[in-house]
Amino acid sequence: MKKQKYVSLLALGLGVSTILAACGGNGDTADSSATGSSTAEGTEDNFTIAMVTDIGGVDDKSFNQSAWEGLVAWGEENGKEKGIDGYDYIQSNADSEFVTNLNTAVNSNFDLVFGIGYKLKSAMQDVATQNPDTMFAIIDDVIEGENTVSVSFKDNEAAFLAGVAAAKTTKTNQLGFIGGQESVVIDRFEAGFVAGAQSVNPDIDVKVEYVGSFGDAAGGKSKAAAMYASGIDVIYQAAGDSGNGVFSEAKDIVKADPSKEIWVIGVDRDQTEEGLLTLDDGTERNLTLTSTLKGVGKAAHDVANLTMNGEFPAGEVQNFGLAEEGVDLTDGQLSADTLTAVEDAKTKILDGTIVVPEAPEN
C-alpha cells in the first residue's frame with residue numbers, strides 16, 4: 001500500500017539531507033534492484049530526465065511551463081544540457097500521444113520520466129508497469145509501483161484564497177470561473193474558488209464554465225467574452241493554454257474601452273505578465289488581479305535531485321498544500337483590505353477553522 005507523505009519538498013532552502021530527515025531517512029527509498037542501476041549511480045554525469053507534457057506544451061504560461069522551468073533550473077544547476085544526454089521534453093498534442101511519448105522517453109534511455117498532468121495517469125501506469133527499470137513521476141495524480149512517485153497539490157486551498165480576493169474586489173457581485181476540462185483536479189479549483197467567494201458574501205453569483213480542453217485559447221476567449229458581457233468583472237481561469245484566451249479577451253475589452261474595470265486571476269504560476277496592457281495613450285494597465293501558485297516546478301526540481309542522488313522516493317504519494325508551502329496566492333493588484341482578508345482566511349485554513357471543499361456542491 002502506498003504511504004501518504006506530507007513532507008515539504010517545496011520549502012525554500014531545504015537541502016536533500018534535510019528533506020530526507022523529514023521523510024524519516026532512507027528507509028522508504030528504492031534500492032538499485034527496484035529501479036535499475038541508474039538509481040544507485042545517480043550522481044554520475046549520465047543521469048538524464050525526460051518530461052512528457054499534457055496538452056498545451058511547455059510555453060502554455062501555466063502548468064506545463066511551470067514544470068519545465070523547474071527542470072531547466074535543475075539542469076542549469078547540475079551542468080546538464082537540453083537533449084538526450086541531459087534533460088528534455090516531449091510535447092503531447094493529443095491524448096492519444098501519451099503512450100507513444102512515454103515509450104519514446106523509455107526507449108531513449110532516460111533515467112527518470114515525468115508525466116505532467118492527471119490526463120497522463122492511465123498511460124503512465126501502463127508504461128511504468130511494463131518498464132520497472134525506469135523511474136516515473138506523475139504530477140497531479142497517483143500511480144502505483146516501486147518505480148513511481150506521485151505528486152499532488154491541495155489546489156482547493158489556493159483557490160479558496162482566490163475566491164476571497166475576487167469577492168473583495170468585485171463591484172458587480174458577479175464572478176466567473178473558467179476551467180479547462182472537467183476532472184477531479186479542476187473540481188478542486190472550482191470548489192475552492194466558489195467556497196472562498198461565498199465565505200465573503202454568501203449571495204455572490206459565481207458562474208462556472210468549461211472550455212472542454214486545456215489547449216483551446218480561442219474557446220477560452222469566447223467563454224470570457226460572454227462572461228464579461230453579462231456583467232462579470234472578475235474571472236478565475238484554471239484552463240492551461242485555454243486560459244490565455246481569457247487574458248486576451250480581457251485586454252481586448254479594456255483596450256477598446258479603458259473605463260472597463262475587469263480582472264483575470266492567474267493559475268499555477270505568477271501570471272502578472274499575461275495581464276500587462278499598454279493603452280493607445282501610452283497608459284499601462286495590469287489586468288491580472290492575482291494568481292494562485294502551485295509548486296509544480298519546485299516539486300519536479302526536488303524529485304529530480306532526490307533521484308539523481310540515489311534517493312528516489314519509491315512508491316510515495318506526496319501532497320502539498322498551504323501548510324507544506326506547495327500552494328499560495330500572489331499579492332498582485334490586491335488592495336490592503338483584500339490582502340488582510342486573504343491572510344485571515346489563510347490562517348483559518350492552516351489552523352483548521354476553515355476546511356476547504358475538494359468538490360463542487362452540485
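First, some ground rules. This is a predicted model, where local features need pLDDT of at least 70, side-chain atom pairs count only at pLDDT 80 or more, and totals for chains, interfaces and linings use all residues. Residues are numbered from 1 along each chain as its sequence is written, and side-chain values use heavy atoms, leaving out hydrogens and water.

**The whole chain**

You'll find twelve helices and 15 strands here (DSSP runs numbered from the N terminus: H or I of at least four residues for helices, E of at least two for strands). Of the 362 residues, 57% count as buried, meaning under 20% relative accessible area, with exposed being over 50% and partly exposed in between (1.4 Å probe, protein chains only). The chain exposes about 14,500 Å², and carbon and sulfur atoms supply 45% of that.

On the α7 side, the contact (heavy atoms within 4.5 Å) includes Phe160, Leu161 and Val164, and on the α12 side, Ala341, Val342 and Ile349 are among the residues taking part. By class, this contact has eight nonpolar, two polar and four charged residues. Ala, Val, Leu, Ile, Met, Phe, Trp, Tyr, Cys and Pro count as nonpolar, Asp, Glu, Lys and Arg as charged, and the others, Gly among them, as polar.

Turning to α8, residues of α7 including Ala159, Phe160 and Gly163 meet residues of α8 including Phe189, Gly192 and Phe193. The class count for α7 with α8 is twelve nonpolar, five polar and three charged.

**Two loop residues**

Asp140 sits in the loop between β5 (135-139) and β6 (148-153). Its phi is near 90 degrees, a positive value in a residue other than glycine. With 5% relative accessibility, Asp140 counts as buried.

Asn173 lies in the loop between α7 and β7 (174-179). Here phi is near 60 degrees, again positive in a residue other than glycine. Asn173 is partly exposed, at 38% relative accessible area.

How values were computed
Accessible areas come from the Shrake-Rupley method with a 1.4 Å probe; for residues, only the protein chains shown count as cover.
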